[in-house]
Amino acid sequence: MPKYQHLFFDLDHTLWDFATNEQLTLKSLFQRYQLDKYFSDFKAFFATYQPINNSLWLQYRNNHITKKQLNTGRFHQTFLTGGLDNETMATNFAGDFIRENALQTTLMPHTLEVLDYLKPRYHMHIITNGFVETQQLKLDESGLSPYFERLFVSERVGAQKPRRAFFEYAIKSCNARKKESLVIGDSLDADIQGAKNFGLDHVFFNPAQIAHNETVQKEISSLRELIDWL
Ligand SMILES: [Mg+2]
C-alpha cells in the first residue's frame, strides 16, 4: 500500500503557469489601454508592476489590506510611476486582468503527463490562496478539473496558506489522515511553511532551483520527478 493517499497540490506556479499566463494577459491589456503613452514599453511596465504586486500580495496575505485594495492598488500604483493618476482606469484594468487571466491555459512542463500517472493512484486536491471566482475557471479552462476531487480556495476557507487553519480545514474536509497526506507546492512561505505548521509531509517544487536555507523533506525541479517517487 502506498504511503500517501491524498495529494494536495498548489495551483499557481506549481501546475498552472502563472508567470507565462500573467505576462500574456498583461501584454494584451497594455496594448488595449494604450499604456505606451506612459511607459517606454511593456517590459518597463511589467518590471514596475512586479515588485508592487508582490508587496501588496504580502499585505493581503497578512490581512493588512482588502482584496479590492490589492486588485486596484497594484495597477493604480504602477500607473502612478508612469505619471498616470486614474483610479477608475486602474479598477477597470484590474477587473479585465482578473477575468482574462483566468482564461489562460499555459501549464507548467509535464503537468498533464504527471497527473495522468497520479490520477488512478491517489485522491488529488487543490489548495490555493487565489480568489474564488478565478481559481475554478483556471482549472476548467486549462483542463485540470477532471484530475481533482476538491478545490480549497483560501478566500472560501477563511484562512490563507500558511495558516494552520487552512491546512486543517482541507485535510478534515477530505477525511484524510495527516500521515497519508502530502503537500506539493512552489512557495516556501505559503506551501512548505504551511505544511510544516500543521505537520504534513511536503514536496518543494523549485523549477528555477533557487538557493534557500529552509529544511524541506523533498525538493524537485521538474514535476516528472513525482512519477519516479510516487
Ligand atoms: Mg504557488
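Strands β4 (residues 181-185) and β5 (residues 201-205) run parallel and are joined by four bridges. Two strands are taken as paired if DSSP finds at least two bridges between them. Helices (H or I, at least four residues) and strands (E, at least two) are DSSP runs, numbered from the N terminus. The model is a predicted one, so to speak of local features a pLDDT of at least 70 is needed, and side-chain atom pairs count only at pLDDT 80 or more, while totals for chains, interfaces and linings use all residues. Residue numbers start from 1 along each chain as its sequence is written.

Strand β5 is mostly covered, with four of its five residues buried. Buried here stands for 20 or more other C-beta atoms within 10 Å of a residue's own, exposed for 12 or fewer, and partly exposed for anything in between, with C-beta atoms placed from the backbone.

Zooming out, the protein chain has ten helices and six strands. The six strands make an open sheet in the order β3-β2-β1-β4-β5-β6, with parallel pairing. At the edges sit β3 (150-153) and β6 (218-220), each of which pairs on one side only. Ignoring direction, neighbouring strands of this sheet are turned by 20 degrees against each other on average. As a reminder, strands of a sheet pair through backbone hydrogen bonds, either parallel or antiparallel.

Helix α6 (residues 132-141) packs on this sheet, where it touches β2 (123-128) and β3, and its direction makes about 150 degrees with that of β3. Angles run from 0 to 180 degrees between N-to-C directions, and axes are lines fitted to C-alpha atoms, for helices over the stretch in contact. Contact between two residues requires their C-beta atoms, placed from the backbone, to lie within 7 Å.

Strand β1 has partners on both sides. It runs parallel to β2, with four bridges joining the two, and it also pairs in the parallel sense with β4 over four bridges. Leu 7 takes part in both pairings: it stands opposite Met 124 in β2, and its bridge partner in β4 is Leu 182. In a regular strand the side chains alternate between the two faces of the sheet. Both faces of β1 are covered, with His 6 and Phe 8 buried on one side and Leu 7 and Phe 9 buried on the other.

Leu 11 comes in the loop between β1 (6-9) and α1 (18-32). Leu 11 is buried because 25 other C-beta atoms lie within 10 Å. Not counting residues up to four places away in sequence, Leu 11 touches Trp 16, Ile 126, Thr 128, Gly 130, Gln 135 and Lys 138. Leu 11 and Leu 144 are 133 residues apart along the chain, yet their C-alpha atoms are separated by 9.8 Å.

Moving to the helices, α8 (residues 164-173) and α9 (residues 188-198) pack at an angle of about 75 degrees, with their axes 8 Å apart. The two are therefore roughly perpendicular to each other, a label that covers 65 to 115 degrees, with under 35 being roughly parallel, over 145 roughly antiparallel and the rest oblique. On the α8 side, Arg 164, Phe 166, Phe 167 and Glu 168 meet Gly 194, Ala 195, Asn 197 and Phe 198 of α9. By class, this contact has four nonpolar, two polar and two charged residues; Ala, Val, Leu, Ile, Met, Phe, Trp, Tyr, Cys and Pro count as nonpolar, Asp, Glu, Lys and Arg as charged, and the others, Gly among them, as polar.

The buried residues of α9 are Ala 190, Asp 191, Ile 192, Gly 194, Ala 195 and Lys 196, and they pack against α8, β4 and β5. Just after α9, Gly 199 takes a positive phi of about 75 degrees.

Out in strand β6 is Ile 220, which counts as partly exposed because it has 17 C-beta neighbours inside 10 Å. Leaving aside neighbours within four places in sequence, Ile 220 is in contact with Val 203, Phe 205, Glu 225 and Leu 226.

For the chain as a whole, buried residues make up 33% of the 230 residues.
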